[in-house]
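Student: I would like to learn how to read a model feature by feature, from its confidence to its strands and its core. Could you take me through one?

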Amino acid sequence: TENNPFYAGFGNRLSDVTCYHIVGINTSRVFIINQLGEIYLSNKQSSILSYKKLIDEISEYFPKLISN
């Protein structure tokens with residue numbers, strides 16, 4: 001069985017998006033954090049999250065994995 005321990009990536013530069021993509025993380029799971037501490041989904045630059053909002057909506061962004 002192939003295992004991929006990476007589920008999401010966090011970074012502060014657009015080059016981080018490229019790096020995470022190279023290792024197989026979908027851009028919908030890559031978050032960019034700017035100097036103000038605002039969190040953007042890398043594939044939706046207009047979507048701003050705060051740490052609190054990310055925690056409040058954690059199950060939406062990081063659903064539980066179902067093991068077989």
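Tutor: What follows is a short walk through the fold, with the general idea placed before each case.

Student: What should I know about where the values come from?

Tutor: This is a predicted model, in which local features need pLDDT of at least 70 and side-chain atom pairs count only at pLDDT 80 or more, while totals for chains, interfaces and linings use all residues. Residues are numbered from 1 along each chain as its sequence is written, and side-chain values use heavy atoms, with hydrogens and water left out.

Student: Where is confidence lowest, and where is it highest?

Tutor: The score to read is pLDDT, the predictor's confidence in each residue on a scale from 0 to 100. The protein has an average pLDDT of 81, and 84% of the residues score at least 70. Confidence is lowest in S4, with a mean of 72, and highest in S1, at 92.

Student: How many helices and strands does the protein have, and in what order do the elements run?

Tutor: Helices (H or I, at least four residues) and strands (E, at least two) are taken as DSSP runs and numbered from the N terminus. Here there are 3 helices and 4 strands, and from the N terminus on the order is β-α-β-β-β-α-α.

Student: In which sense do S1 and S2 pair?

Tutor: Two strands count as paired if DSSP finds at least two bridges between them. Strand S1 (residues 9–11) pairs with S2 in the parallel sense over 3 bridges, and Gly11 has Ile32 as its bridge partner in S2. Together with helix H1 (residues 14–22), these two strands make a right-handed β-α-β unit; a crossover is called right-handed if, with the strands pointing away from the viewer, the path from the first strand over the helix to the second runs clockwise.

Student: How does S2 run relative to S3, parallel or antiparallel?

Tutor: S2 and strand S3 (residues 39–41) run antiparallel and are joined by 3 bridges, with Ile32 standing opposite Tyr40 in S3. The hairpin of S2 and S3 has 5 residues between the strands, and in it Gly37 takes a positive phi near 85°.

Student: Which residues form the largest nonpolar core?

Tutor: In soluble globular proteins, nonpolar side chains tend to be buried together. A nonpolar core is a set of buried Ala, Val, Leu, Ile, Met, Phe, Trp, Tyr and Cys residues joined through side-chain atoms within 4.5 Å. The largest one here has 8 residues, namely Ala8, Phe31, Ile33, Ile39, Leu41, Leu49, Leu54 and Tyr61, and S2 and S3 each supply at least two residues of this core.

Student: What does Ile39 touch?

Tutor: Contact means heavy atoms within 4.5 Å. Ile39, in strand S3, counts as buried because its relative accessibility is 0%. Not counting residues up to four places away in sequence, Ile39 touches Phe31, Ile32, Ile33, Ser47, Ile48, Leu49, Ser50, Tyr51 and Leu54. With the same exclusion, the partners of Leu54 are Phe10, Phe31, Ile39, Leu49, Tyr61 and Phe62.

Student: Why does Ser42 count as buried?

Tutor: Ser42 counts as buried because its relative accessible area is 13%. Ser42 lies in the loop between S3 and strand S4 (44–49) and, leaving aside its neighbours within four places in sequence, is in contact with Val17, Thr27, Val30 and Ile32.

Student: Why does Cys19 count as partly exposed?

Tutor: Cys19, which lies in helix H1, counts as partly exposed because its relative accessible area is 47%. Lys53 in helix H2 (residues 51–56) is also partly exposed, at 36% relative accessibility.

Terms used. Buried < 20%, exposed > 50% of the residue type's maximum accessible area, 1.4 Å probe, protein only.
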